[in-house]
Amino acid sequence: MLGAEVLLRTLAANGVDLCFANPGTSEMRFVAALDRVPGMRGILCLFEGVCSGAADGYARMTRRPAATLLHLGPGLANGLSNFHNARKARSPVVSIVGEHSTWHGRFNSPLASDAASFARPVSGWVHTLERAAGMGEAASNAVRAAYGPPGTVATLIVPADYSWSEAGTPGPAVVFPQAARVPPERIGAIARLLRSESCVGFYLSGTALFGSGLEAAGRLAASTRAAMFANRFAARLERGQGRFPVQRIAYFPEAASGMLAGLKHLVLVETEAPVSFFGYPGRRSELAPEDCAVHVLAAPEENGAEALAALAGEVPSLPWQPAPAPEPEIARGPLSALAIGQSMAALLPAHAIIADESVSSGADIECHLRRAAPHDLFSVCGG
């Protein structure tokens, strides 16, 4: 079996059945092989940044990787900004990058570059294929690496001649690693903290912000005096009617520090302690108070949703109940961020996905979205 087909069949057999592609000459064998591998769907994108951004968004919703196919180092470079966002979002992505034929690289043709060096800053795993017969194993390893945990961009660089050469059989099926469980003693320690201390806050990201994780956070908020904050640059946040309205940390450091003022303990769930977006003269980069003790309930590679649910079981908890609120109405009068947010809340269809790139003006929009129909909010995790 030729290398391009080995690659595709290995990906499809491991559940990677979608490829966002902006291919060139070096990747044509891969494109041709799409017709022979019905389990893989190819989507042509007219710019590489769309490939990387779409794969990031797909991973955030499905929690499994899509593939991207890009044309040599310069094509990869065009997609780097959204691979940067994907890395910050801990999104699993399998990035396939074509390369010149092995004998052609030494001639320094116009597209010759160091693709691996472009890939390393935005990837958790980078591998340049060294022989056609290694295609299947390398593809399986890329899928395994993409899953992490936490998820990451796994970049496989494929010289063109290995795509049209005999490459053996597809690679093995991957046993997908699962996020580590949080030790019971750590959950018990945070439970004791909640029982004995009053100025406690939680800083949530990852699986703590949707599904069972967000539901457990609501139960803890309803039953204890703990405040619940969301990492502003979390990959995915469930919002809208009927969902616990966890507060996103503000963008500007003055407002963010004000939100956390008075806390004596901050508990982290699948994230690091909050810092300001930029460094400002005369200001600390850390947003929590200087005398605030920081505790880890779940690290980014651990199962934060499960840990929150277990914690809610340790602390007598009540279900969170939404407060009655009037139905949002379309705004009238001058156009402003507040008017945009109010109108969005009135018009947004259920189960929409909002890609939030508003950054500094987002607070005036978002304050209305708690009353919108249930939806998912994506931030630009890498800024």
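Author: Let's begin with the packing. The largest nonpolar core has 39 residues, and those with the most contacts inside it are Phe202, Leu204, Met228, Val246, Leu297, Leu308 and Leu311. A nonpolar core here is a set of buried Ala, Val, Leu, Ile, Met, Phe, Trp, Tyr and Cys residues joined through side-chain atoms within 4.5 Å; buried means under 20% relative accessible area, exposed over 50%, and partly exposed in between, with a 1.4 Å probe and protein chains only. Please keep in mind that this is a predicted model, in which local features need pLDDT of at least 70 and side-chain atom pairs count only at pLDDT 80 or more, while totals for chains, interfaces and linings use all residues. Residues are numbered from 1 along each chain as its sequence is written, and side-chain values use heavy atoms, with hydrogens and water left out.

Helix α9 (residues 184-196) gives the most to this core, with five residues. Helices (H or I, at least four residues) and strands (E, at least two) are DSSP runs, numbered from the N terminus. Leu311 touches Ile187, Ile190, Ala191, Leu194, Phe202, Leu220 and Leu297, not counting residues up to four places away in sequence; contact means heavy atoms within 4.5 Å. Apart from this core lies another, of 32 residues, among them Leu11, Ala33, Met135 and Tyr162.

Now to the open space. The largest pocket has a volume of about 1,200 Å³. Of the 47 residues that line this pocket, Lys88, Ala89, Arg90, Ser205 and Gly206 are the closest to its centre. Two elements, α3 (48-62) and α5 (80-89), are the ones that give two or more residues to the lining. By class, the lining has 25 nonpolar, 12 polar and 10 charged residues, where Ala, Val, Leu, Ile, Met, Phe, Trp, Tyr, Cys and Pro count as nonpolar, Asp, Glu, Lys and Arg as charged, and the others, Gly among them, as polar.

On a 1 Å grid over the protein atoms alone, a pocket is an open set of points with protein on both sides within 12 Å along at least five of seven lines, a cavity is a set where a 1.4 Å probe fits but cannot get out, and lining residues have an atom within 4 Å of a point. Grid points are joined across faces, edges and corners, and a volume is the space filled by probe spheres set on the points.

Three cavities of 30 Å³ or more turn up in a search of the whole structure. The largest cavity holds about 50 Å³ of space, and its lining includes Ser26, Glu27, Phe30 and Leu69. Strand β4 (residues 93-99) gives the most to that lining, with three residues.

Glu27 also leads us to His71, since the side chains of these two residues are joined by a polar contact of 2.8 Å, that is, a pair of N or O atoms within 3.5 Å, where within protein one must be able to donate a hydrogen and the other to accept it, and residues adjacent in sequence count only if both atoms are side-chain atoms. His71 lies in the loop between β3 (67-70) and α4 (72-78), and counts as buried because its relative accessibility is 17%.

Another loop, between β7 (200-204) and α10 (211-223), holds Thr207. With a relative accessible area of 11%, Thr207 is buried, and its side chain makes a polar contact of 2.4 Å with that of Glu270.
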